[in-house]
Amino acid sequence: IKKVTTHKLLEMKHKGEKISMLTAYDYSLAKIVDEAGIDIILVGDSASNVMAGYETTLPITLDQMIYHAASVVRAVKRALVVVDLPFGSYQGNSKEALQSTIRIMKETGGHAIKMEGGAEIGESITRILSAGVPVMGHLGLTPQSIYKFGTYNVRAKEEAEAKKLLEDAMLLDKLGCFALVLEKIPAMLAKQVAESVSIPVIGIGAGPYVDGQVLVLHDMLGINKDFSPRFLRRYADLNSIIHQAVEKYIEDVKNKDFPNEKESYF
Ligand code: KIV
Ligand code: NA
């Protein structure tokens with residue numbers, strides 16, 4: 001199997017071949033996603049919401065991210081595995097950012113890290129890159145800053161924020177990030193960013209004019225029923241499938257239909 005590399009992703013942008021990315025947080029689902037041929041698996045800090053049930057991404061710890069990432073890496077043969085640096089493990093301190101990154105690289109076997117922010121984290125990005133670790137940027141709606149924004153609404157609709165976002169994207173490119181996620185911003189701004197930087201731009205709620213797309217696996221599989229933003233396309237209704245399977249199992253146990261003779265050891 002030919003592994004996906006950061007160089008391959010850059011080539012894909014230049015050839016106009018779209019990049020596919022999904023999250024995964026555990027061995028079993030990561031295995032399915034990798035075998036299906038995804039280009040990038042993100043061990044997102046959305047694990048805080050999806051796996052742990054927290055309202056925001058802020059509570060998840062570096063140790064917990066390492067547990068998820070190590071589980072995913074054990075399953076993956078082809079995809080590039082990118083791991084989110086969680087809230088509190090890098091902001092405002094480039095030395096801590098590097099230490100967190102080194103723990104992720106040593107203890108998980110992941111291939112790259114992702115961090116939220118622009119100029120504010122420039123020094124950390126430079127420090128991590130100088131240690132030889134590829135960095136993916138993340139601009140627009142950055143959920144670790146939710147209490148600064150106040151809502152999960154579309155970002156950068158105003159001129160000033162759009163200008164800052166474009167400048168940040170160009171800075172991340174210049175610093176040497178290998179790719180950039182844009183979350184929940186106007187499609188035409190995302191297009192402008194993708195045309196202004198040399199690195200692949202991966203969108204979520206950022207429209208079609210970017211170099212690739214990312215979704216949260218549990219959302220696109222329809223596992224959680226109550227999250228349905230405009231940008232989410234559901235490719236399965238696993239909530240119903242799992243619900244019905246569990247109901248049938250309960251019924252079979254109660255009716256003494258399960259286990260039958262063939263399912264027992266005599
Ligand atoms: O944590 C996550 O799932 C993410 C994606 C939404 C890009 O950062
Ligand atoms: Na994230």
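So, is S89 buried or exposed? It's buried, because 23 other C-beta atoms sit within 10 Å of its own. Before I go on, keep in mind that what we have up here is a predicted model.

Let me stay with S89 for a moment. You'll find S89 in the loop between strand 3, residues 80-84, and helix 5, residues 94-108. Leaving aside residues up to four places away in sequence, S89 touches L62, E96 and S100. Compare that with V73: V73 and S89 are 16 residues apart in sequence, and their C-alphas are 21 Å apart in space.

Okay, the overall fold. How many strands make up the closed barrel? Eight, running 1-2-3-4-5-6-7-8 with parallel pairing. From one strand to the next, the twist averages 25 degrees.

Now to where the barrel closes. Strand 1, residues 19-23, and strand 8 run parallel and are joined by four bridges. If you want a residue pair to click on, L22 stands opposite L215 in strand 8.

Strand 7 is the one I'd zoom in on next. That's residues 201-204, and both of its faces are covered. V201 and G203 are on one side, I202 and I204 are on the other, and all of them are buried. What about the neighbours of strand 7? Strand 6, residues 179-183, runs parallel to strand 7, with four bridges between them. There, E183 is opposite I204. Strand 8, residues 212-215, is also parallel to strand 7, with two bridges joining them. On that side, G203 has Q213 as its bridge partner. And to get from strand 6 to strand 7, you go through helix 9, residues 187-196; together the three make a right-handed β-α-β unit.

Which residues surround ligand 1? The shell is T23, L42, G44, D45, S46, D84, V181, E183, I204, V214 and V216. By type, that shell divides into five nonpolar, three polar and three charged residues.

As a reminder, most residues other than glycine have a negative phi, and most peptide bonds are trans. We have a few exceptions to look at.

A156 is one of them, with a positive phi near 60 degrees, and it isn't a glycine. A156 lies in the loop between helix 7, residues 146-149, and helix 8. A156 counts as buried because there are 23 C-beta neighbours inside 10 Å.

Then there's K256, again not a glycine, and again with a positive phi, about 60 degrees. K256 is in the segment after helix 11. Why does K256 count as exposed? Because K256 has 8 C-beta neighbours inside 10 Å.

And in the segment after helix 11, residues 238-254, you also find P259. The peptide bond from F258 to P259 is cis, with omega near -5 degrees.

How values were computed:
Residues are numbered from 1 along each chain as its sequence is written. Chains are lettered from A and ligands numbered from 1 in the order in which they are written. This is a predicted model: local features need pLDDT of at least 70, side-chain atom pairs count only at pLDDT 80 or more; totals for chains, interfaces and linings use all residues. A residue is near a molecule or strand if its C-beta atom, placed from the backbone, lies within 6 Å of it. Ala, Val, Leu, Ile, Met, Phe, Trp, Tyr, Cys and Pro count as nonpolar, Asp, Glu, Lys and Arg as charged, and the others, Gly among them, as polar. A residue is buried if 20 or more other C-beta atoms lie within 10 Å of its own, exposed if 12 or fewer, and partly exposed in between; C-beta atoms are placed from the backbone. Two strands pair if DSSP finds at least two bridges between them. A crossover is right-handed if, with the strands pointing away from the viewer, the path from the first strand over the helix to the second runs clockwise. Axes are lines fitted to C-alpha atoms, for helices over the stretch in contact, and angles run from 0 to 180 degrees between N-to-C directions. Two residues are in contact if their C-beta atoms, placed from the backbone, lie within 7 Å.
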